[in-house]
Amino acid sequence: MGCPCVVLNTLRLIYTTTAVQKRNVAALGPEKYTEAFIKNQIEEFNLGKRHLANMMGEDPETFTQEDIDKAIVYLFPSGLFEKRARPVMKHPTEIFPKQRAIQWGEDHRPFHFLFYTGKQSFYSLMHEIYGKLLDIQKYQDHLRAQGLLAENRKQINLIGSRWLIKEELEDMLVEKLTDHDYSTCIQLLERLVTLPCCGIEEEYVLKFRKELAIQLKKMVIESLQYDEQGVAFSTGEGKRKTSQATAVVYDNGSGKITVNGVDYLCYFPVMQDREQLMFPFQFLDRLGIHDMVCTVSGGGRSSQAGAIRLASARALCSFITENEVEFLRQAGLLTPDPRIRERKKPGQEGARRKFTWKKR
Amino acid sequence: MLRSVKGVICQGPKLDSGYFLHASARAWLSAAVNQDVQIPAEKPRTVFRTSESNPANHAEQHEGQHYSIPLQEVKVVFPHGLPYRFQMQMKTFNESCLMVRKPALELLGYLKSTNFAHPAIRYVIYGEKGTGKTMTLCHAVHYCAKQDWLVLHIPDAHLWVKNCRELMQSSYNKERFDQPLEASTWLKNFKTSNDHFLKEIKTQQTYMWSKRESTEKGRPLGEVVEQGLTRVKNASDAVGVVLKELKKQCPLGSFRLLVAVDGINALWGRTTLRKKDKSAVSPEELTLVHNLRKMVVNDWNGGAIVTTLSQTGSLFKPRSAYLPHELLGKEGFDTLDPFIPIQVSNYSQREFESCYQYYLDRKWLQHERASTEEGRKELLFLSNSNPWQLERISAYL
C-alpha cells in the first residue's frame with residue numbers, strides 16, 4: 001500500500017521548483033491598517049503630545065495643534081523647500097489615509113447589499129438622495145391636496161457656499177469616483193434643491209455644501225491718520241517680485257506723485273508704468289484728488305510700478321466705503337501678484353529652455 | 001487792456017472765430033484776465049486761440065492761448081528752427097500755432113526794453129526735458145523777425161559736435177577742423193531768413209579764399225554766403241567771416257542782431273568726433289564752434305543773445321540734468337556768466353486746458369473717451385502736464 005503513495009509523493013517533489021517563491025508585494029495592495037493599530041497610534045500621539053508640552057514648558061491640558069506645530073518647527077528646524085517633506089506631528093487620523101474596514105463577515109458574505117456594484121457607498125448615497133427627493137415630492141403632494149402648498153415654500157439658502165468638489169466627495173465616501181459619477185450626484189442634488197419644499201431636508205443637503213470664506217474679512221482696513229495741518233493721510237505697503245514699496249496717500253491734493261523724491265514723470269519714463277500707477281485712482285474716479293509720496297526699492301521698473309500700485313490701493317482703502325473696497329478686490333488691485341522668478345534647473349539652459357537638441 | 005481785434009485775419013478757415021471775437025470784444029473788455037471762466041462752455045474755441053499774430057502785441061491776457069503764424073512767414077522766418085515734431089504737426093494741421101506762455105512773455109518784455117548802447121545781454125532758457133524751451137526761443141525769434149532784426153538762428157548746436165561725416169583740416173588754421181556739410185546747410189538757411197540784410201551789409205575787409213578767389217572789401221555779405229555755398233570746402237570759413245562781420249558792424253547801429261542758439265551747452269561739452277588717429281576732438285578745435293563761442297561773448301552791443309540749454313541732444317550728460325551749471329560745465333558757465341536765466345516749466349492748469357482744447361478742435365484726439373472729463377484727467381495724469389509728453393500721448397489717440 002505504501003508504494004503508490006511514495007510514487008505520488010516523489011512525483012510531487014519533482015514538480016516543485018527549487019527556487020524560493022518570492023512574495024508578490026504589489027498584488028496584495030496597499031498596506032491595510034487594522035483598527036487596533038490605529039488606536040495604538042492615537043494613544044501614542046496623545047502621550048507624545050503631553051511629553052512635548054512638558055518639554056516646551058506648557059500646560060499639557062491646553063496644548064493645541066498649533067502649539068504642537070510651533071514646537072516641532074522649533075525643535076526640528078528644516079531647510080527643505082518642500083513643506084510637505086518637513087517633520088510633522090499630527091493626529092493619526094490626518095496622517096493615515098482613511099481605509100475601509102473589511103466589508104465581509106466570517107462566512108465571506110458582504111455586509112452591504114450593494115457590495116457587488118464595486119462602489120457601494122456611492123450608489124447607496126445616490127439611493128438615499130433619491131429617497132429624500134421622493135419624500136419631498138410626497139410631502140408636496142400632501143400639501144397640495146390640503147391646499148397649503150403656496151404658503152409653505154421653504155427654500156434652502158445656497159448663497160455663500162459651493163458644492164463639494166470631487167476630491168472632497170471621494171474623501172467623504174472613502175471610495176474612488178469617476179467624473180461622470182460625480183456629475184450625476186451633483187445633478188441629483190441640484191434637482192432636489194429646485195423643489196419648492198426642499199427645506200425639510202436642508203441639513204442633509206448642507207452636508208454637501210462648503211462655505212466660501214469671505215476674503216474681505218481677513219483684510220484689516222486702517223483708519224485715516226491726520227498730520228499737523230489736519231490733512232488726512234494713509235499708508236500702504238506693497239510687494240511685487242523683489243520690489244518693496246510704501247505709499248503715503250494724502251487727501252486734498254492735486255494729483256502730484258513723488259517717487260523716491262523724484263517726480264513720477266522722471267522716475268517712470270515709460271507710459272506703461274505710469275498707467276499702472278494711475279489704475280487704482282482711475283478705478284475709483286479720484287484722479288486729481290489725492291497726492292502721493294512713495295518710496296520703492298529693489299526689482300526692475302515694471303515690478304516697482306506694480307509694488308507701488310498695490311501699496312497705493314491698500315492705502316486708498318482707508319478713504320473709501322466697504323463696497324468700493326470689495327470692487328477693488330474684485331478688480332484684482334488688492335491681490336499681491338504671486339509670480340516670482342522661476343529657478344533654473346540643471347540640465348537645462350534656463351527655467352524652461354532646454355539645450356539645443358542635436359540629433360547626433 | 002483793449003484787445004486789438006484784427007478784423008482781417010490772415011488764415012482763411014478761421015474767419016468765423018475772428019468774427020465772433022469782433023462781436024463780443026466789448027463783453028470781454030471788463031475782465032480780460034480769467035477769460036476761460038467767463039466764456040460759456042458752448043464756445044471753447046475762443047479760449048485757446050487768439051487772433052493776435054504779432055508777437056509784439058502779446059501781453060498777459062494772451063497767456064495760454066495759441067496764435068498762428070502764416071505758413072509763408074514760417075518758411076521765411078523758420079527755415080530750420082522748429083522742432084521736428086512740431087514741423088510734422090504743422091504739416092498735419094496745415095497751420096502752425098504757438099502757445100503764448102509766461103517765460104516767453106517775460107523774455108519778450110526784456111527784449112522790448114533792451115538798451116542797445118549797453119553790451120548784449122545773454123538770456124539762458126533752461127528747464128526740464130520737454131517743457132518748451134525751443135518753442136520759447138522760436139517765439140522770441142519770430143518777434144525779432146517781425147521787428148526787423150537780423151536773426152542769427154542756430155537750430156541745434158549739438159548737430160555740430162556729433163555725427164559729422166566729413167571732418168577736414170581747416171585751411172585757415174592748421175589745428176582746427178572744418179565741417180563743410182553742416183556749415184553749408186546752415187548758410188543756406190541763413191540766406192533764406194535774412195536775404196534782404198545780406199544785400200545791405202558790406203564787408204569791411206578783403207578775404208582770400210584761395211589763390212584765385214577772394215572777396216573784396218565793400219562787397220555785400222551775400223557774396224560771402226554764395227562763396228560758402230558754391231565752394232563747400234570754404235563753407236566753415238565763410239560762416240566764420242559772416243559772424244565776424246556781423247559782430248563788428250552791429251555796434252554801428254544800422255541793424256539789430258539777435259543771436260539765437262539752441263542747445264548752447266554743446267559748445268562747452270565733449271564731442272563724439274575723432275581725429276584720424278582715434279583721439280577725441282575737443283570743441284575748440286572745430287571752426288564752427290570756435291567762431292560761435294566768440295559770438296556769444298558779450299563784448300558787442302546793439303542786440304541780444306538768447307540761448308537754450310538742451311539735454312536731449314547733449315552728449316555724455318545724464319537725463320536728469322537740466323540746471324545751467326550741470327549742463328554747461330564750469331567753463332561754459334564762466335563764459336556765459338553773467339546771464340539772465342529764464343526757467344520754463346510744465347503747463348499750468350490753464351495752459352493744459354488750452355492745449356487739450358486745441359487738440360480736440362483740430363480733431364487730433366480721435367478716441368471717444370478723449371473728449372470726456374475722465375479722458376482729460378487721464379491725459380493730465382499720464383503726461384503730468386509736460387508738453388512733450390502730452391504731444392506724444394495725443395499722437396497715439
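Contact is taken here to mean heavy atoms within 4.5 Å, and in this predicted model the contact between the two chains draws on 15 residues from chain B and 14 residues from chain A. Between them, chain B and chain A bury about 1,300 Å², of which 60% lies on carbon and sulfur atoms. On the side of chain B, a trio made up of B:Phe381, B:Leu382 and B:Asn384 accounts for 51% of the area buried against chain A, which is more than any other three residues supply.

The elements of chain B that give two or more residues to the side touching chain A are helix H16 (373-383) and helix H17 (387-396), and H16(B) gives the most, with seven residues. When the residues of this side of chain B are divided by class, five are nonpolar, four are polar and six are charged. Despite these charged residues, the count of salt bridges between chain B and chain A is zero, while five residue pairs in polar contact, with both residues at pLDDT 80 or more, are found across the interface.

Salt bridges do occur elsewhere, the structure holding 35 of them over all chains. One involves the side chains of A:Asp181 and A:Lys119, which meet at 2.5 Å, N to O. Because A:Asp181 lies in helix H8 (residues 179-194) of chain A and A:Lys119 in the loop between helix H5 (92-95) and helix H6 (120-146) of that chain, the pair ties together parts that are 62 residues apart in sequence.

Helix packing was examined within each chain. In chain A, helix H3 (residues 35-56) and helix H4 (residues 65-75) pack at an angle of about 65°, and their axes are 11 Å apart; the crossing of H3(A) and H4(A) is left-handed. H3(A) contributes A:Phe45, A:Lys49, A:Leu52 and A:Met56 to the contact, and H4(A) contributes A:Gln65, A:Ile68, A:Ala71, A:Ile72, A:Tyr74 and A:Leu75. By class, the residues of this contact of H3(A) with H4(A) comprise eight nonpolar, one polar and one charged.

In chain B, the axes of helix H9 (residues 180-193) and helix H11 (residues 221-230) come within 9 Å and cross at roughly 145°, and the crossing in which H9(B) passes H11(B) is likewise left-handed. The residues that meet here are B:Ser184, B:Leu187, B:Lys188 and B:Lys191 from H9(B), and B:Val225, B:Glu226, B:Gly228 and B:Leu229 from H11(B). The contact of H9(B) with H11(B) divides into three nonpolar, two polar and three charged residues.

Note on methods. Residues are numbered from 1 along each chain as its sequence is written. Chains are lettered from A and ligands numbered from 1 in the order in which they are written. This is a predicted model: local features need pLDDT of at least 70, side-chain atom pairs count only at pLDDT 80 or more; totals for chains, interfaces and linings use all residues. Side-chain values use heavy atoms; hydrogens and water are left out. Axes are lines fitted to C-alpha atoms, for helices over the stretch in contact, and angles run from 0 to 180 degrees between N-to-C directions. Helices (H or I, at least four residues) and strands (E, at least two) are DSSP runs, numbered from the N terminus. A crossing is left-handed if the near helix is turned anticlockwise from the far one by less than a right angle, and right-handed if clockwise. Ala, Val, Leu, Ile, Met, Phe, Trp, Tyr, Cys and Pro count as nonpolar, Asp, Glu, Lys and Arg as charged, and the others, Gly among them, as polar. Buried area is the accessible area (1.4 Å probe) that two parts lose on being put together, summed over both. A salt bridge is a side-chain nitrogen of Lys or Arg within 4 Å of a carboxyl oxygen of Asp or Glu. A polar contact is a pair of N or O atoms within 3.5 Å; within protein, one must be able to donate a hydrogen and the other to accept it, and residues adjacent in sequence count only if both atoms are side-chain atoms.
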